Amino acid sequence: MSRNETTLKCKPQRYLWVDNLKMFACLLVVIGHLYMSMMAGGWISENNILYCWPIQTVYTFHVPLFFVCSGFLYQATAPNEWNIKKHIGNIKKKALALGVPYVTFSTITLLLKNVFATDVNNAAPPFLKTLLIEPIAPYWYLYTLFLLFCLIPPVIGKEKRKPLVSMVVIACFMKIIYVGWLADRAIPDLVAKVMASAVWFCIGMLITATPFKKSKLADGIAAGMVILACILSYFVYSTPTDNAKAQFIFASIFVLVITYFFQSKEQYKTDGLVNHSTKYFMPVYVLHTIVAAGVRTVLLKIGISSGVLHFMIGFSVSVFVPVVIYMIAEKQWWLLFWFEPIKAMKLRNQKKTKGER
């Protein structure tokens with residue numbers, strides 16, 4: 001049995017490679033949104049290859065990596081028994097854990113878009129339609145993840161590999177139908193985002209039973225694949241395109257290769273910077289666009305128009321301001337509730353118990 005397989009079977013308290021992969025993808029999301037704001041602000045042309053190539057390439061795989069991590073943790077931490085009652089209970093739990101930050105920060109974003117309609121990139125869409133049918137970036141990930149939790153049960157029993165492979169095949173078939181016939185049609189996000197994202201979630205689930213095995217040959221193949229994909233993406237994404245088929249092909253390569261490099265790495269520092277920072281994933285993810293938009297508005301108001309300064313300052317505040325806000329929120333359960341409601345309720349109960357002693 002390989003070291004990776006032993007690690008998976010022992011079910012450690014935290015999977016360090018997942019923490020590292022989530023933070024890597026989160027930083028790509030932050031940089032991607034900042035880069036898009038540079039284009040929206042007129043600092044770089046949408047047709048410039050220095051914009052088209054990196055932004056379109058990264059957008060093929062950064063959010064799919066989140067779904068891989070979520071699917072892995074969902075299956076890896078599933079109980080030995082699962083039934084309808086447990087599934088409904090899990091849905092209620094996820095509705096609280098994902099629904100509170102989704103509704104909270106989607107609402108804040110929509111309000112800011114209305115208040116600062118002349119300063120932000122886009123005007124605010126209808127409120128209820130946005131929350132229920134067409135979620136906005138970056139919160140659509142939370143919306144879609146909740147739907148996947150509702151629709152996909154974990155696999156239980158001794159033999160998990162075959163049913164998990166079957167789930168990946170079905171999800172891949174759904175993805176092919178979506179990119180082949182439905183991507184250009186006006187179908188509700190309720191359907192479209194599930195069809196587009198389920199394959200990555202199921203791949204994450206499959207990794208629990210079939211972890212990547214690290215070897216020099218595998219390293220060489222993976223490195224060659226990612227280099228080839230980068231070269232090909234240079235030509236495909238040299239101009240703006242919304243080709244869903246090409247996006248799926250590039251996403252498949254990048255997601256599998258990047259996940260391989262993170263998951264197959266045998267050692268991570270348990271006291272490393274990333275592992276200390278993983279609790280800040282949610283605040284950075286939900287707040288970075290709000291913070292960046294606010295700072296960009298202030299900088300323009302005071303006459304700072306340098307694109308380089310906007311990007312550097314925007315990146316700094318997009319990461320560090322949410323961290324500071326979360327550090328403050330951790331001290332009060334009612335503030336923490338808007339980021340992590342379940343953790344906040346536990347904190348409230350702990351304080352209540354101490355107060356009764």
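The structure holds 1 cavity of 30 Å³ or more. A cavity here is a set of points on a 1 Å grid over the protein atoms alone where a 1.4 Å probe fits but cannot get out. This is a predicted model, in which local features need pLDDT of at least 70, side-chain atom pairs count only at pLDDT 80 or more, and totals for chains, interfaces and linings use all residues. Residues are numbered from 1 along each chain as its sequence is written, and side-chain values use heavy atoms, with hydrogens and water left out.

**Stop 1: the cavity**

Select L34, S37, M38, A292, V295, R296, L299, H310 and G314. They line the largest cavity (lining means an atom within 4 Å of a point). About 50 Å³ of space lies inside, taken as the space filled by probe spheres set on the points. Now color helix 2 (16-40), helix 13 (281-301) and helix 14 (307-329): each gives two or more residues to this lining. Helix 13 gives the most, 4 residues. Helices are DSSP runs of H or I, at least four residues. By type, the lining has 5 nonpolar, 3 polar and 1 charged residue; Gly counts as polar.

**Stop 2: the surface**

Next, select W53, I227, I231, Y234 and F235. Together they form a nonpolar surface patch with about 510 Å² of accessible area (Shrake-Rupley, 1.4 Å probe). Patch residues have over 30% relative accessible area and no salt bridge, with nonpolar side chains joined within 5 Å. A salt bridge puts a side-chain nitrogen of Lys or Arg within 4 Å of a carboxyl oxygen of Asp or Glu. Helix 10 (residues 216-236) supplies the largest share, 4 residues.

**Stop 3: Y234**

Zoom in on Y234, in helix 10. Its relative accessibility is 35%, so Y234 counts as partly exposed, between buried (under 20%) and exposed (over 50%).

Technical notes:
Patch = residues over 30% accessible without salt bridge, like charges linked within 9 Å, V, L, I, M, F, W, Y side chains within 5 Å. Buried < 20%, exposed > 50% of the residue type's maximum accessible area, 1.4 Å probe, protein only. 1 Å grid on protein atoms, 1.4 Å probe; cavity = no way out; pocket = protein on both sides within 12 Å on 5 of 7 lines; lining within 4 Å.
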